[in-house]
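Subject: Handing over a structure

Dear colleague,

I am passing this structure on to you, and below it you will find what I found in it. Please have the structure open while you read.

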Amino acid sequence: MEEGTLWLLEVAPQEAGQRLDTWLAQRLPQTTRSQVQRWIRAGRVLVDDVPRKPAYRLRSGEEVQVEVPPSEPSALQPEPIPLDILYEDEALLVLNKPRGLVVHPAPGHPTGTLVHALLHHCPHLRGIGGVERPGIVHRLDKDTTGLMVVAKTEEALWGLAEQIGEREMERRYWALLWGSRGEEHWQVGAPIGRHPRDRTRMAIVATGRPALTLFHLRERFPAVPALWVEATLRTGRTHQIRLHAAHSGHPVMGDPLYGRRQARRFLPTPFPQVNAALEALQGQALHAVFLRFRHPGSGRWMEFQAPPPEDFLRLLEALKDTSHSAGGEP
């Protein structure tokens, strides 16, 4: 995005009373609160044409004007890491992220990330949306697999981020969960924030950011017991599906952070094939299977689907076999 380009955002009735910096960071998911605060203090953010402080409480119907600063070049070095690209044009690309690939540099992962691979594939990506996270619109955890859209221009980055903020982008996940449940649809709306004692984890906290996950049952495996569900994100908080699944009493299989303690009461299962598939699982059984958004240039709707990795599918087949063994429905 060129210097001086403006974004205009309107405060919805249900958003009234929020702090300006918090609200703007939520509406622009590719930014951080500290980054937004710097823009506000630099005079790049106006509320109804008036400069406000980061703690200003917004009112319904107010118009927030954001002047995005120019991009900063990245010092990260490109790396020839293979990418499974499903679609690409001059504005964006859609890829299927493998298990074990960290999205952007972080403590403990200074190299070998998706960002390093993207810089090798798209050298001009440097600085698009930030130094450490060029092109990144949304993230997947290291061991979560599946669909991601990456912006190749500033205009595409902000257009896609706005769709996330407005809840227009549709993101669905397949997950294998522990436990039994009667209903076929449920939702979890618990707020999510940083864990008060362990900064590597998230937690359900009253002061956290609003979060909503919709769960739809695809199949249940009562002999184990386990569930195959489709989860739809209505917000995009860190570890959201994993945390909301565990909070509802159904942790994601293989989740080392939020599922290990609850999973102990189910392990080992009475089915050797399930135990073997769980042992071979390289991370949590969570896969971003479906992605739908409007192209930020043409405005046309785009849809993508990607099958889960082999270790997920092997576990799913092992669970299906338990239904057959127990005489249940296929």
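To start with the charged side chains, Glu15, Arg27 and Glu166 are linked in a network of salt bridges, a salt bridge being a side-chain nitrogen of Lys or Arg within 4 Å of a carboxyl oxygen of Asp or Glu. Please keep in mind that this is a predicted model, in which local features need pLDDT of at least 70 and side-chain atom pairs count only at pLDDT 80 or more, while totals for chains, interfaces and linings use all residues. Residues are numbered from 1 along each chain as its sequence is written, and side-chain values use heavy atoms, with hydrogens and water left out.

The structure holds 14 salt bridges. Side chains of opposite charge can pair when their charged atoms come close. One of these bridges joins Asp21 to Arg19, with 2.8 Å between the closest N and O atoms. Asp21 is buried, its relative accessible area being 0%, whereas Arg19 is partly exposed at 23%; here buried means under 20% relative accessible area, exposed means over 50%, and partly exposed lies in between (1.4 Å probe, protein chains only). Another bridge is formed by the side chains of Glu183 and Arg181, at 3.2 Å from N to O, and both partners are partly exposed, Glu183 with a relative accessible area of 37% and Arg181 with 21%.

Helices (H or I, at least four residues) and strands (E, at least two) are DSSP runs, numbered from the N terminus. Among the buried residues of H1 are Asp21, Trp23, Leu24 and Arg27, and Arg27 is also a member of the network with Glu15 and Glu166.

Turning to the strands, S14 (residues 286-294) and S15 pair in the antiparallel sense over 5 bridges, where two strands pair if DSSP finds at least two bridges between them. Phe290 has Gln305 in S15 as its bridge partner. The hairpin of these strands has 6 residues between them, and within the hairpin Gly299 takes a positive phi near 85°. Strand S15 (residues 301-305) has Met302 and Phe304 on its covered face, and Trp301, Glu303 and Gln305 on its uncovered one.

Glu303 forms a salt bridge with Arg292, the closest N and O atoms being 3.0 Å apart. Because Arg292 lies in strand S14 and Glu303 in strand S15, the pair ties together parts that are 11 residues apart in sequence. Arg292 is partly exposed at 24% relative accessibility, and Glu303 is partly exposed at 49%.

What else might be worth a look is His120, which lies in helix H3 and counts as partly exposed at 45% relative accessibility. His120 and Leu214 are 94 residues apart in sequence and 36 Å apart in space, C-alpha to C-alpha.

Lastly, Arg139 is found in the loop between helix H3 (114-121) and strand S7 (145-151), and counts as partly exposed at 42% relative accessibility. Asp48, for its part, sits in the loop between strand S2 (45-47) and strand S3 (50-51), and is likewise partly exposed, at 40% relative accessibility.
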